[in-house]
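Please look at the sequence and the model before reading on.

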Protein chains: 2
Amino acid sequence: MSTRLTKMAENRDKLIAAARRAFAEHGYAAASMDTLTAEAGLTRGALYHNFGDKRGLLAAVVDQIDSEMADYAKSVGAKAGDAWQGLLAEGAAYIEKALDPEVQRIVLLDGPSVLGDPSQWPSQNKCLQSTRNTIEQLIKNGTVKPVDPEAAAMLLNGAALNAALWLASSSDPQAMLPKTLEAFNLLASGFLVKN
Amino acid sequence: MSTRLTKMAENRDKLIAAARRAFAEHGYAAASMDTLTAEAGLTRGALYHNFGDKRGLLAAVVDQIDSEMADYAKSVGAKAGDAWQGLLAEGAAYIEKALDPEVQRIVLLDGPSVLGDPSQWPSQNKCLQSTRNTIEQLIKNGTVKPVDPEAAAMLLNGAALNAALWLASSSDPQAMLPKTLEAFNLLASGFLVKN
DNA sequence: GGTTTAACATACGAGGCGTATGTAGAATAT
DNA sequence: ATATTCTACATACGCCTCGTATGTTAAACC
């Protein structure tokens, strides 16, 4: 079936896929829209019709990658024994996923510069809301000390993302990963009532 | 005295000052080198001779701002009672300083995108080294649990910088500041032996 | 005082983004 | 079924910006 809507959706996906590769390889600023769209078998006309401008395309790419990360982190967190262990597991999953160069370059480096503070993005906002709910539950639970849940969620998320950035540019990321996760867990335990 | 070295230093300062304003107002990508240098009473020739390229100018600007921040944070930390309180005070000072829109735009958003991971910058590296030393001292001291001091310093720094970014884009930063600092201190206390 | 050097200005070319206009094929109505 | 409308996309154009290559002027040195 070649209805117009499906074709348009296909082209959107093609463009986003090509943009993921181009942005990851050259960075947002150095990625050419002409070559990017040509690799997708299209032209800049399709791009500006679907996404408005270059920035709109990045927003779509970031939303896709960030949503994939959040979904994965949540699935990992759900396997944990209790809510607190789930929170730590989500953080660890985020850190590991963020070691991917594609995530690094697009979501952690170029994304904030072009799109502004990550906590305002739709994808991150969902993630923050989710961990915020978990924290509120843990406070009522008596597991976590009374603390502003929004701020706490932001701090945990921020620490995890930053840790990934730091890890990736270290000499031996795989070797440093365990120590980093250990430090992260220790840091997070500051929110616990008893430890 | 109009010796060549002093004049060159003056021009360097003029360019950096103009760049601070231009980058803060329009962002790195949208800032034009032609208008920027014209505002400094010079041309692009001076720029490329002094800094190599646009990126080199940003590096100089970031180094200046970041060093100012680090100096201020350290002076605040030195006034605290003990080393641990000093560490917390430094973190709080960083968060407050990073509320400045100039710092936000240049150091926190554009800097990482153009120059890469902040922990690799000379200025940030000095700051990380300093807090790392403090943490090592606190571990020997018996105040802080045994943890990788490098990772711990990075996590504290990262959390502080991210908190500032989040704070600035909140609806009422000044009102949220106390709660954020409280949450930050609580989080940091995870490193303590007893709390 | 003449020569050299270097800091900065000027001139040039290449490339990229955004928009305005053109076009072909699907959607809709009669 | 055919004519019309609409829209997703292609093509063409202009403006701006960066980086470099060349020119110029004034300090530095012998």
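Over residues 9-69 of chain A, what percentage of the chain is helix, what percentage is strand, and how far apart are the end C-alpha atoms? In this predicted model, the stretch is 80% helix and 0% strand, and its end C-alpha atoms are 22 Å apart. UniProt, in an unreviewed entry, lists these residues 9-69 of chain A as "domain: HTH tetR-type". The UniProt annotation "DNA-binding region", also from an unreviewed entry, covers residues 32-51 of chain A. Residues 32-51 of chain A are 75% helix and 0% strand, with 15 Å between the end C-alpha atoms.

**The chain as a whole**

The C-alpha trace of chain A spans about 60 × 40 × 30 Å along its principal axes. Chain A has 195 residues, of which 42% count as buried. Among the contacts in chain A between residues at least 6 apart in sequence, 65% join residues at least 24 apart.

Helix α4 of chain A runs over residues 54-78; at 1.5 Å a residue its 25 residues should span 36 Å, and because its end C-alpha atoms are 36 Å apart, the two values agree.

Which residues of α4(A) are buried? They are A:Leu57, A:Leu58, A:Val61, A:Val62, A:Ile65, A:Asp66, A:Met69, A:Ala70, A:Ala73 and A:Gly77. An α-helix has 3.6 residues a turn, so residues three or four places apart point the same way. The cover over the buried residues of α4(A) includes α1, α3, α5, α6 and α7 of chain A.

In α5(A), the buried residues are A:Trp84, A:Gly86, A:Leu87, A:Glu90, A:Gly91, A:Ala92, A:Tyr94 and A:Ile95. These buried residues of α5(A) pack against α4, α7, α8 and α9 of chain A.

Helix α7 of chain A also contains A:Glu136. Is A:Glu136 buried or partly exposed? A:Glu136 has 15 C-beta neighbours inside 10 Å and therefore counts as partly exposed. Its C-alpha atom is separated by 16 Å from that of A:Asn125, eleven residues away along the chain.

**How the two copies meet**

The contact between the chains takes 33 residues from chain A and 33 residues from chain B. On the side of chain A that touches chain B, the elements giving two or more residues are α6 (101-115), α8 (149-168) and α9 (173-188) of chain A. Of these, α8(A) gives the most, with ten residues. By class, this side of chain A has 18 nonpolar, nine polar and six charged residues.

Two copies of a chain are related by a rotation about an axis and a shift along it. Here a rotation of 180 degrees with 0.0 Å of shift along its axis superposes chain A on chain B, with an RMSD of 0.0 Å. The two copies are therefore related as by a two-fold rotation axis. The C-alpha of chain A nearest that axis belongs to A:Gly190, 1.7 Å from it. Because 100% of the interface residues of chain A are also interface residues in chain B, the copies meet through the same surface.

**The surfaces near DNA**

| DNA strand | Residues around it | Nearest residues | Element giving the most |
|---|---|---|---|
| C | 22 residues | A:Met33, B:Asn11, B:Thr43, B:Gly45, B:Ala46 | α3(B), five residues |
| D | 22 residues | A:Asn11, A:Gly45, A:Ala46, B:Ser32, B:Met33 | α3(A), five residues |

Both chains contribute to each surface. Near DNA strand C, two or more residues come from each of α2 and α3 of chain A and α1 and α3 of chain B. Near DNA strand D, at least two residues each come from α1 and α3 of chain A and from α2 and α3 of chain B. By class, the surface near DNA strand C has five nonpolar, nine polar and eight charged residues. The surface near DNA strand D divides into five nonpolar, nine polar and eight charged residues.

Methods:
Residues numbered from 1 in each chain as written. Chains lettered and ligands numbered in written order. Predicted model: local features only at pLDDT ≥ 70, side-chain atom pairs only at ≥ 80, totals over all residues. Contact = placed C-beta atoms within 7 Å. Helix = DSSP H or I, 4+ residues; strand = E, 2+ residues; numbered from the N terminus. Nonpolar A, V, L, I, M, F, W, Y, C, P; charged D, E, K, R; others polar. Near = placed C-beta within 6 Å. Expected span 1.5 Å × (residues − 1). Buried ≥ 20, exposed ≤ 12 C-beta atoms within 10 Å, placed from the backbone. Least-squares fit on C-alpha atoms with pLDDT ≥ 70 in both. UniProt positions renumbered as here; feature names shortened; annotations may be inferred.
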